Each structure stands twice: as C-alpha cells, then as structure tokens.
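Please open the model in a viewer and keep the selection panel at hand. The stops below are given in the order in which they may be selected.

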Amino acid sequence: MAVLSLEHIQKIYPNGFEAVKNFNLQIEEKEFVVLLGPSGCGKSTVLRMIAGLETISSGELKIDGQIMNNVDTKDREIAMIFKNAVLYPNMTVYDNLASGLRLCRLSKKEIDSRVRETAKFLELEDILDQKPEKLSEGQKQSVIRGRAIVRNSKIYLMDEALSNLEDNIKSQMYEEIQKIHEKQGDTILYVTENQAEAMALGDRIVVMKDGVIKQIGSPTELKENPANRFVAGYLFDMEFYDVKCVREGGNICIKTGTNTFPLSEKQAEKLKDYGGQTIYMGIRQSDLKKSTEKSGKKNNIAEIVFDISKVYLFDKDTEETLVLPED
Ligand code: ATP
C-alpha cells in the first residue's frame, strides 16, 4: 500500500485561481520523491495540502490508506522543513530540538532521549548547549533538519530546504539528507526548482508545470525518455525550432528553411503520420553549433549546425515527444 496517496487532487484558491489540477501520485514507503518545476507551478501548494496547511478543494489525500483531507496537521505524522526556516535565537540547540516535542506533551525522559539520539545522528552532540548565533550555517541547517527528525515522523516534506545555501553547504546537506533517508528509511517528498538537485536526490521525480504533472519517472527515465517538450526543455538546456515533416523521393525528411534532412528508418516510422505537418525540433545547447558569420550572399542569417541523430522532435499541438536522439 502506498504510504502517501494523492488522488485527483485539486486546489482552487479563494480568488478562483486553480493552482493544482487533477494531481495523482502514489508514494511508496521509503521512497525519495522530488517535485520539480518552475516557480509558481504549484509545488508548495501540493506540499502544504499534504501537511494540512492548505485545504484540498477536491480529491483524496491518503496516508497509509486512511483519508486525511480533514485531519488536523498535528495528527498527520508528517514533518515539514520549510525554505527560510529559522531557529529560535534565544534557545540553545537542545531546546530548539526539544521545543516541538514539548508541545506534544511528551515526558521529559522521552524528550531527552529523542533529542540526544537525534543530536548523535546529526553529530550535534558537542553544541547542544550553544545558541544559534554561535553556529556555522551548516550547523544551523542540521539543527533545522534535527527539529523535524526528532519527531520520528514517517513522512518528511522538504520545501526548497536548500535553496538559499552556499554551494559548499548545499553539498554537505545533500549528503546529510541522503544519510537521513538511508539510515532512517523515511519517506521524503522534496520540492525544488533545481534540476541537478532533483537528479541527485530523487528515486523518482515529478515534473510539474502550471499545476499539472508533465511526467513522473526516475532520473534515468526522464533523461532518456522525456515525455514532452516541456520536460525535455526543462531538463536539458534546449533550443526549439519549427520544422516541417516532408516526403521527398519516397523518404520522410524534415525541412528547416531551404535545408532538408533525411531521417533514419526508425525516426521516419515514428513520423509516418506527420507528412506535411509542422513539428517542433529540439536540440540541446551542447549539441548545437552556431555560426554568427554572414551566411549566404544576401542575408545576414545565423547558421546552426547540428547532428540529425541528436535531435528531439515533438508534436506541435500536444507537445508530446515523437522522436528521441539515436532513434
Ligand atoms: P514557488 O517556489 O515560487 O512558491 P511553487 O511551484 O511552489 O513556486 P506555489 O507557491 O504552490 O508555487 O503557487 C502556485 C500558484 O498559486 C502561484 O501562481 C501562486 O501565485 C498561486 N498562489 C499561491 N498561494 C495563493 C493564494 N493564497 N491565493 C491565490 N493564489 C495563490
């Protein structure tokens, strides 16, 4: 049974804006899933609905098979780490770690044991009686993570938890998050706009745009088989061109301006119903050479040079992928 299940989830804000549309996702126990997409695509809204900080307009949210739509945040057994999270400045590291547990009215002994266990796991034992002002940025981030870990939740929601950090602290935090995941075997849903971060951390990545899931897959599946123009363009720095699919001398070719490129048998087979139609061609920047010199006799046109075996082709209306490189 999926530990976290979102079925046909929709979010309409009070001003009428539909931020999340028919969102379907099953997350298995111990999975590390990343929600990836540009700013405003609805990632935080999804996370906040799971945490109970935002109402769900329609659809069902289940944790371990139980419908959770109307269950109070504190009863969802979820720990959330927000971007820009801060520590209580006047409290020691120990008290920062213990504060959430005190609200849950656990015994002093239970709180002490959980705080010390978490501090040991995150190597914070030596700084338990220090205040945040004395800590390095990396230590502060570890304490922020510690406040979530100490709750022993099954599910962790992390909202761009690393976005504001320097690169060297970020890589230290990647390791720490992976350590939490491997050692504790927790289920993690992690939100980011950063493609490299998603690829490095996720067992599966959910790519979102405008409140809609554009593709769900492992990093390898997404890289090797992007389902549509958006995913390909978002994962790989790509340039897109309108090209025409034409039949010449019995062969299917693509035409850009005055140039015609014959396609491989496999590429042509996939485009057999596209004769005469305009489609999108995508080329990774790294596979593209541009000449800015004068080209031709009359026009000052930038010429692009590419290898036809490295192009992606997409349906112009649905934007679905038709042809992948090496097809
Ligand atoms: P970011 O990381 O920039 O926040 P995001 O993908 O997490 O991006 P959300 O914060 O989920 O996006 O916002 C999704 C959309 O919903 C955005 O267009 C945002 O402006 C809109 N939105 C968010 N909160 C509200 C609200 N309370 N009322 C109306 N619209 C909202």
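Select serine 99 to begin: it lies in helix α2, which spans residues 93–103. Helices (H or I, at least four residues) and strands (E, at least two) are DSSP runs, numbered from the N terminus. The model is predicted, so local features need pLDDT of at least 70 and side-chain atom pairs count only at pLDDT 80 or more, while totals for chains, interfaces and linings use all residues. Residues are numbered from 1 along each chain as its sequence is written, and side-chain values use heavy atoms, with hydrogens and water left out.

Is serine 99 buried or exposed? Its relative accessible area is 15%, so serine 99 is buried; buried means under 20% relative accessible area, exposed over 50%, and partly exposed in between (1.4 Å probe, protein chains only). Contact means heavy atoms within 4.5 Å.

Axes are lines fitted to C-alpha atoms, for helices over the stretch in contact, and angles run from 0 to 180 degrees between N-to-C directions. The crossing of α2 and α3 is right-handed (a crossing is left-handed if the near helix is turned anticlockwise from the far one by less than a right angle, and right-handed if clockwise).

To view the contact, select Tyr94, Leu97, Ala98, Leu101 and Arg102 in α2, which meet Ile111, Asp112, Arg114, Val115 and Arg116 in α3. By class, the contact of α2 with α3 holds six nonpolar, no polar and four charged residues. Here Ala, Val, Leu, Ile, Met, Phe, Trp, Tyr, Cys and Pro count as nonpolar, Asp, Glu, Lys and Arg as charged, and the others, Gly among them, as polar.

Move to alanine 148, which is placed in helix α4 (residues 137–149). Alanine 148 is buried, with a relative accessible area of 4%. Leaving aside neighbours within four places in sequence, alanine 148 is in contact with Ala79, Ile81 and Tyr156.

Now show helix α5 (residues 167–184). The packing angle of α4 and α5 is about 25°, with their axes 10 Å apart, and the two are therefore roughly parallel to each other. Their crossing is right-handed. On the α4 side, select Glu137, Gly138, Gln141, Ser142, Arg145 and Ile149; these meet Ile169, Gln172, Met173, Glu176, Ile177, Ile180 and Gln184 in α5. The residues of this contact divide into five nonpolar, five polar and three charged.

Colour the open sheet of four strands, whose order is β2-β1-β4-β5 with antiparallel pairing. Two strands pair if DSSP finds at least two bridges between them. At the edges are β2 (18–27) and β5 (66–67), each pairing on one side only. Strand β4 (residues 58–63) pairs with β5 in the antiparallel sense over two bridges, and the bridge partner of lysine 62 is isoleucine 67 in β5.

Helix α1 (residues 43–51) lies across β1 (4–12), β2 and β4, running at about 115° to β1. Seven of the nine residues of α1 are buried, so the helix is largely enclosed by the rest of the structure. To highlight the buried residues, select Lys43, Thr45, Val46, Leu47, Met49, Ile50 and Ala51. Just after α1, glycine 52 takes a positive phi of about 90°.

## Two loop residues

Most residues other than glycine have a negative phi. Lysine 30, in the loop between β2 and β3 (32–36), has a positive phi, near 70°. At 48% relative accessibility, lysine 30 counts as partly exposed. Glutamate 77 also has a positive phi, of about 55°, and lies in the loop between β5 and β6 (78–81).

## The six-stranded sheet

Finally, select the open sheet of six strands in the order β13-β12-β11-β14-β17-β18, with antiparallel pairing. β13 (259–262) and β18 (321–323) stand at the edges with a single partner strand each, so one side of each is left without a neighbour in the sheet.

Conventions
Parallel < 35°, antiparallel > 145°, perpendicular 65-115°, else oblique.
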